[in-house]
Amino acid sequence: MPETQQTFDSYSPADGRVLAKFPLMDSTAVAEAVDRARIAGSWWGDLSFRERRRYLMRVKSILARRAEELAEVVHRENGKPTDDALLEILLSIEHVDWAARNAEHVLGRRRVRPGLLTLNQDARVSHQPLGVVGVIGPWNYPVFTPMGSLAYALAAGNAVVFKPSEYTTDVGRWLVAAMQEAIPDQPVAQLVTGDGSTGAALCAAGVDKISFTGSARTGRKVAAACAESLTPVLMELGGKDAVLVDAGADLEKAASAATFGAYHNAGQTCAGVERVYVHEAVYHEFVERVADKVRALSPGTTRESAYGPMTMPQQIDVVRRHVLDALARGGQAVVGGPESVGDRVIGPVLLTNVPEDSTAVTEETFGPVIVVNPVRDLDEAVDRSNASSFGLSAAIFSKDRRAMERAAARLRVGSVTMNSWVMNAGVAALPWGGVGESGFGRIHGDDGLREFTRTKATTRERFPLPVALNITNFDRHPRAADLVRRTFALVHGRS
Ligand code: NDP
């Protein structure tokens, strides 16, 4: 690092000690990384799917062999217990594997059927790499979240320049080092380090797409910056996910899922359970079950704690504000309360009967707080869930499969799980993304591969049509159009 280079520190959320120092990269440093990526990307994009797959399998293998080491880095810098860190690493391994194995099948050039007027054409669709994809990631799932873009963008033949959150830069460094070890030939994966200004520089650096994961607030800034150069963007933003519990649901299962979904990772999960709407017939029993589970949680800063400290200190004030607002408007604290909000670790808070206009219901809390409210039926639960400006995902618990399917179809979210929580993020073949303030575009699955490509259509004439019959020709026979019209009436005229 040159002596004049500005730097920033990465801290332990457990005790605030400095863990590492990184360069605060400016627009020149970012532009240089993008230039290098452009050259590397052209080499990488020219490889066959099979060759890229071989390299990506090496990335996967490093992640699998050194998962414990990476989990330790995540625990140190993000604060989550090592088992939770391992969970996101294991899920990431499956995504790298799926993207590498399926890229050819999803993106390979394929023939499509021509129409009646174009019968003589060999028509094909291909998906070509964009070139360089800028990936901007958050700190809450510092492995799993960026990997949903990095692995899929690489598998689609792009080079990537990754800007991790300043709060988890060491995790980003580890990931990119692993990719560079697996692909030593060219810098197809690069790290740029810094704060929001470095992210902004990446948006302005002439990349071919920005894949952004973070808050809706920053997402707006990123979209505005990218609009200047018409750089396409993929937006994976926040959420205010609801769990809907029907009268006949397995309450024990629903309570376990809601508790894990709400408090896991200290509630710092985009798809974290922040609201629960429970059928009034089982409301009290459900609240009691959740309360029992919540009281048994012991958060802290060790590797084995139920969940860890808040990674980003500013979020602590947001959590306090939401709890106070809920109580001021008549909500009840069944477990914990404002006193649970500590300097680093926040004890679990369970709120009930919170008015729907409270910030604890309308805004993303991103902390270990859950709001449980009663509803008349599943329909009302769907209406309340849909009233949010966010729409990332939702979960439904019921014994009535039809009712669940109906509710799932009506929910205004990117994905729905039935009788479980967040399982779709783990199914690599399923797309992931939101609606409304939760963003647009999709990572994971077929859609997630196509996001990082430009679609190209080609036709090749297989045989010439007689000039007289070719209606896209001034030399056509005067009756050619009429002949084609009559053929169309025969083929398409029947209903
Ligand atoms: P932020 O929006 O604060 O930051 C996200 C990233 O953007 C960080 O790397 C940040 O850098 C960077 N950044 C900040 N300002 C700019 C800018 N002007 N231009 C470009 N980049 C910038 O989000 P958090 O890191 O706090 O992450 C939490 C949010 O992410 C939550 O809302 C959560 O719900 C959402 N999220 C969504 C997911 C999904 O799949 N939909 C998955 C995971 C999280 P720095 O940190 O260095 O300031």
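A crossing of two helices is right-handed if the near helix is turned clockwise from the far one by less than a right angle. Keep that in mind for this predicted model.

**Stop one: α1 and α7**

Select residues 27–46, helix α1, and residues 196–203, helix α7. Their axes come within 9 Å and cross at roughly 45°. That angle makes α1 oblique to α7. The crossing of the two is right-handed. Now show side chains. On α1, pick Ser27, Val30 and Val34; they meet Thr198, Ala201 and Leu202 of α7. By class, this contact holds 4 nonpolar and 2 polar residues, with no charged ones.

**Stop two: the ligand**

Move to the ligand. Which residues come nearest to the ligand, of the 31 around it? They are Gly137, Ser215, Thr218, Leu237 and Glu364. Next, select Glu166. An N or O atom of its side chain is 2.8 Å from an oxygen atom of the ligand. Go on to Gly194, where a polar backbone atom is 3.5 Å from a ligand oxygen. Then click Glu236. A polar atom of its side chain lies 3.4 Å from a nitrogen atom of the ligand.

**Stop three: α13 and α14**

Finish with helix α13, residues 378–386, and helix α14, residues 401–410. The axes come within 10 Å and cross at roughly 20°. Angles under 35 degrees count as roughly parallel, so α13 is roughly parallel to α14. α13 passes α14 in a right-handed crossing. Select Leu378, Asp379, Val382, Asp383 and Asn386 on α13, then Ala403, Ala407 and Arg410 on α14: these make the contact. By class, the contact has 4 nonpolar, 1 polar and 3 charged residues.

Definitions and conventions: Residues numbered from 1 in each chain as written. Predicted model: local features only at pLDDT ≥ 70, side-chain atom pairs only at ≥ 80, totals over all residues. Heavy atoms only, no water. Axes fitted to C-alpha atoms, helices over the stretch in contact; angles between N-to-C directions. Helix = DSSP H or I, 4+ residues; strand = E, 2+ residues; numbered from the N terminus. Parallel < 35°, antiparallel > 145°, perpendicular 65-115°, else oblique. Contact = heavy atoms within 4.5 Å. Nonpolar A, V, L, I, M, F, W, Y, C, P; charged D, E, K, R; others polar. Near = heavy atom within 4 Å. Polar contact = N/O pair within 3.5 Å; in protein donor to acceptor, adjacent residues only side chain to side chain.
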